[in-house]
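Please have the model open while I talk.

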Amino acid sequence: MQNDYDNYAKERQEKLINGMMPSHRFVEKPMMKSMMPNLKNKKILLLGCGTGEETNLLVTFGADKEKMVGIDISKESIAIAKKTYPNVEFVVGDMANLPFDENTFDFVYSSLAVHYSATPDKVYNEVYRVLKKDGLFLFSLVHPIRWSSNHANIDGKTYRLIGCARDDNESEVLGNYNTFKEHTHDFFSWNIKETLSFYVGSPSFHFKLLRKANFEVLDFTESMAVEETKEVDINYYKKNKELPQFMAFLTKK
Ligand SMILES: C[S@@+](CC[C@H](N)C(=O)[O-])C[C@H]1O[C@@H](n2cnc3c(N)ncnc32)[C@H](O)[C@@H]1O
């Protein structure tokens, strides 16, 4: 299924700028910040950059906007990004087929975009090609513990579960943690139903693909909501403190 990131690009940008995307603010960005290298004087590629808000985050780690290039497949997101961040170069393109020469970038950053590719192996090969020697690639993905589950009804409540029945019924398995698989989910942001499809794989699935692409894996993190979340939404905090919604790899060419 083709996701339409052109729809709601403006609404998504407003929510991001105003800190109204809890998964970004309390879970994903803190994880990415904890793994970010020093970006002073680095030539940077932003992979699946959306409307470009991550350029501001990277500046806080020493990056220079004039040395950044953002790429996204959504024309509308790139048009908004160009208008909002005129010092940054943005291009429309596919992360599995990058329009850049080899050995171009010191750092490739990607937030919650690689899981939209059905062929992450191609993405990793492409990122490896455009990175300079010793260049770093930091990226985040959805975590399978959240997305590879099935719904189960227990005492009248619906739970998202991964596991198997106990005793005689151990072959009754809920979830597909070990299978790289497309998932389609309805998100209810902006009071509008937005259906998105993405591909979920286990940490070891991605680890093997990264090694196959010749990357050295330097760091791996599973997300955890930060303490600040408690004051805003205690239920969101409880869920995202104990269960990782996202995961991130830091790799080196
Ligand atoms: C969840 S958004 C993340 C945007 C931004 N990185 C952020 O964190 O705000 C995912 C982005 O990936 C982009 N995307 C999906 N498939 C892509 C592809 N094959 N090549 C480039 N970008 C893609 C979408 O258009 C969308 O802007």
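Let's take the open sheet: 7 strands, in the order β3-β2-β1-β4-β5-β13-β12, with mixed pairing. Bear in mind that this is a predicted model. Which strands stand at the edges? They are β3, residues 89-92, and β12, residues 216-222. Each of these has a single partner strand, so one side of each is left without a neighbour in the sheet. On average, neighbouring strands here are turned by 15° against each other, direction ignored.

As a reminder, strands of a sheet pair through backbone hydrogen bonds, either parallel or antiparallel. At the β3 end, β2 (residues 68-72) runs parallel to β3, and 4 bridges join the two.

Now the helices. Helix α5, residues 120-130, lies across β1, β4 and β5, and runs at about 150° to β5. Helix α7, residues 203-212, packs on the sheet too, where it touches β5, β12 and β13. The direction of α7 makes about 20° with that of β13.

On to the core. In soluble globular proteins, nonpolar side chains tend to be buried together. Here the largest nonpolar core has 50 residues. Ile 44, Leu 45, Leu 46, Leu 47 and Val 108 have the most contacts inside it. Strand β5 gives the most to this core, with 6 residues. Take Ile 44: beyond its neighbours within four places in sequence, its contacts include Leu 39, Leu 58, Met 68, Phe 105 and Phe 107. Lys 67 and Asp 106 are also among them.

What about the ligand? There are 20 residues around it, and Tyr 5, Gly 48, Gly 50, Ser 111 and Ala 113 come nearest. By type, that shell divides into 10 nonpolar, 6 polar and 4 charged residues.

Most residues other than glycine have a negative phi. Asn 41 is not a glycine, yet has a positive phi of about 65°. You'll find Asn 41 in the loop between α2 and β1.

Key:
Residues are numbered from 1 along each chain as its sequence is written. This is a predicted model: local features need pLDDT of at least 70, side-chain atom pairs count only at pLDDT 80 or more; totals for chains, interfaces and linings use all residues. A residue is near a molecule or strand if its C-beta atom, placed from the backbone, lies within 6 Å of it. Ala, Val, Leu, Ile, Met, Phe, Trp, Tyr, Cys and Pro count as nonpolar, Asp, Glu, Lys and Arg as charged, and the others, Gly among them, as polar. Two strands pair if DSSP finds at least two bridges between them. Axes are lines fitted to C-alpha atoms, for helices over the stretch in contact, and angles run from 0 to 180 degrees between N-to-C directions. Two residues are in contact if their C-beta atoms, placed from the backbone, lie within 7 Å. A nonpolar core is a set of buried Ala, Val, Leu, Ile, Met, Phe, Trp, Tyr and Cys residues joined through C-beta atoms within 7 Å. A residue is buried if 20 or more other C-beta atoms lie within 10 Å of its own, exposed if 12 or fewer, and partly exposed in between; C-beta atoms are placed from the backbone.
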